[in-house]
Amino acid sequence: MKTTAIPVLPLHPLTLPARGSWPATVHRFDENSAWAVRAALAAQRPLLVRGEPGSGKSQLARAAAEALGRLFLAEVVHARSESQDLQWRFDGLARLGDAQAMSAGHCSAEEVRARLDQRNYLSPGALWWAFDWDTAERQHLRSSGRSARPQPPGEWTPAQGSVLLIDEIDKAEADLPNGLLETLGNGAFTVPWLEQAVSVAPETPTPLVVITTNEERELPAAFVRRCLVLNLQMPKSESDFIAALIERGKLHFADRCPDEVYRSAAAQLWEDRQAATAQGLQGPGYAEYIDLLRVVTTLQADPAQQRALLAKVQDFALKKHPPANG
């Protein structure tokens, strides 16, 4: 097991620059989430982050990467995802097409074998990039860039390590988390057609793997046992909930809104959450609150006029479900 110093994560606001498709934003670790990240690094175990949509689960991984000076990698899980997709992908259709094209040409048997070598159609997945950047890059070049290459910041080197976000794992069947047990536990996986397993490179820190779930599907117990778990819970009382929203709003927009706009938007969100819960529906959360404030500050720069605008646009950001019958 690799042993490295575990840095202390900052509790002050952290600016997250735009990375790929992720826009620039601001994040602040609370003490609980900062300790959860450090514990996962120390245990060299995945960190499973539970919480409702919009509670900041995905951003936590991105913020950890920024705070630790690591590369941020992300894989969003969907219903058809398999554990193999996170490790490697094989483009069988491209190989079949090349075989058909070569059969119509005048190629020697040696040329056909060299061109149709399975390794030419093998692309590294997110776990491969996280475990061993150098071999992933060589394989990426060999496969003629059949899949996207992560774009690290210019100053990053593989020796700094990475943070891998496996987002919304509950969207997949149980075979996916079960299939990751050995890979995440051993820090290695095998790939057909390669003579050596892919494992965490000797000079690379063990990747921090952050896995999120919206609790749409129960995860296998064996998988959960092999993770450290962080529960991102929204405050239960109205006063605490509103205070938490105001704090988060000011983190993003500072003095671009007066206090009454922050408070009024938070109070309306609380009210809409209660109405949604009464119908057995998922209510709005932090993400919708930030969206609402972004609408207000974008459409009306004058703080004196924002309160009136808020009343006109708040339903579009907060009320996502059809009206209750009756």
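This is a predicted model: local features need pLDDT of at least 70, side-chain atom pairs count only at pLDDT 80 or more; totals for chains, interfaces and linings use all residues.
Student: In what order do the five strands of the open sheet lie, and with what pairing?

Tutor: The order is E4-E7-E10-E3-E11, and the pairing is parallel. Strand E4 (71-76) and strand E11 (228-231) are the edge strands, each of which pairs on one side only. From one strand to the next, the twist averages 20°.

Student: Over how many bridges do strand E3 and strand E10 pair?

Tutor: Strand E3 (residues 47-50) and strand E10 (residues 208-213) are joined in the parallel sense over four bridges. As one case, Leu48 has Ile211 in E10 as its bridge partner.

Student: Which helix packs on the sheet, and which strands does that helix touch?

Tutor: Helix H2 (residues 57-68) does so, touching E3, E4, strand E7 (162-167), E10 and E11. The direction of H2 makes about 175° with that of E7.

Student: What is the volume of the second largest pocket, and which element gives the most to its lining?

Tutor: The volume of the second largest pocket is about 650 Å³. Of its 29 lining residues, Leu71, Phe72, Leu73, Pro150 and Gln151 lie nearest the centre. E4 gives the most to this lining, with five residues, while H2, E4 and helix H6 (126-131) each supply at least two. The lining divides into 14 nonpolar, seven polar and eight charged residues.

Student: How is an aromatic pair to be described, and how many does the structure hold?

Tutor: The distance of the centres and the angle of the planes describe a pair of aromatic rings. This structure holds nine aromatic pairs. One case is Phe90 with Tyr121: the ring centres are 6.5 Å apart and the planes stand at 70°, so the pair is edge-to-face.

Student: Why does the pair of Phe90 and Tyr121 tie together parts that are apart in sequence?

Tutor: Phe90 belongs to strand E5 (residues 88-90), whereas Tyr121 is in the loop between helix H5 (109-115) and strand E6 (122-124), so the pair ties together parts 31 residues apart in sequence.

Notes:
Residues are numbered from 1 along each chain as its sequence is written. Side-chain values use heavy atoms; hydrogens and water are left out. Two strands pair if DSSP finds at least two bridges between them. Axes are lines fitted to C-alpha atoms, for helices over the stretch in contact, and angles run from 0 to 180 degrees between N-to-C directions. Contact means heavy atoms within 4.5 Å. On a 1 Å grid over the protein atoms alone, a cavity is a set of points where a 1.4 Å probe fits but cannot get out, and a pocket is an open set with protein on both sides within 12 Å along at least five of seven lines; lining residues have an atom within 4 Å of a point. Grid points are joined across faces, edges and corners, and a volume is the space filled by probe spheres set on the points. Ala, Val, Leu, Ile, Met, Phe, Trp, Tyr, Cys and Pro count as nonpolar, Asp, Glu, Lys and Arg as charged, and the others, Gly among them, as polar. Rings of Phe, Tyr and Trp (its six-membered ring) pair if their centres lie within 6.5 Å; planes under 30 degrees apart count as stacked, over 60 as edge-to-face and the rest as tilted.
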